[in-house]
Amino acid sequence: ILDNDPRRNHYATNIHGHPLSCALTVLKGTVCQENYQFLEGWPFPVVQKKDEEIMQLGMATFDDQSAPFIHRMVCRDEGLE
């Protein structure tokens, strides 16, 4: 699967949530934000990918801790940081 090819995922965070409020702004290129949700019925935390969005230069997102927010940020721009 190409999405899991490390040659196409130049930079990526781990899947994570935030213990505090968090904000993100794209300063260069584009960033893919993959959003996840908890799956019930497991004795340990398990998540499933819900959707993803491509964030463009200048776009921002904010986790205000009002709802579960689990995501991973991935840069798929060729040759960009």
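**Entry 1: cavity lining.** I looked up which strands line the largest cavity, and found that strand E2 (22–25) and strand E5 (60–63) each supply at least two residues of the lining. I note that the model is predicted.

I then listed the lining residues by name. His 18, Cys 22, Ala 23 and Leu 24 are among them. Sorted by class, the lining of the largest cavity has 5 nonpolar, 3 polar and 1 charged residues.

**Entry 2: cavity count and volume.** How many cavities of 30 Å³ or more does the structure hold? I found 1. For the largest cavity I noted a volume of about 40 Å³.

**Entry 3: backbone at Gln 65.** I checked phi at Gln 65 and read a positive value of about 70°, although Gln 65 is not a glycine. Most residues other than glycine have a negative phi. I located Gln 65 in the loop between E5 and strand E6 (70–75). E5 also contributes to the lining of the largest cavity.

**Entry 4: confidence.** I looked up pLDDT for the protein and noted an average of 84, with 83% of the residues scoring at least 70. Where is confidence lowest and where highest? I found the lowest in strand E1 (residues 11–12), at a mean of 76, and the highest in strand E4 (residues 47–55), at 94.

Terms used
Residues are numbered from 1 along each chain as its sequence is written. This is a predicted model: local features need pLDDT of at least 70, side-chain atom pairs count only at pLDDT 80 or more; totals for chains, interfaces and linings use all residues. Side-chain values use heavy atoms; hydrogens and water are left out. On a 1 Å grid over the protein atoms alone, a cavity is a set of points where a 1.4 Å probe fits but cannot get out, and a pocket is an open set with protein on both sides within 12 Å along at least five of seven lines; lining residues have an atom within 4 Å of a point. Grid points are joined across faces, edges and corners, and a volume is the space filled by probe spheres set on the points. Helices (H or I, at least four residues) and strands (E, at least two) are DSSP runs, numbered from the N terminus. Ala, Val, Leu, Ile, Met, Phe, Trp, Tyr, Cys and Pro count as nonpolar, Asp, Glu, Lys and Arg as charged, and the others, Gly among them, as polar. pLDDT is the predictor's confidence in each residue, from 0 to 100.
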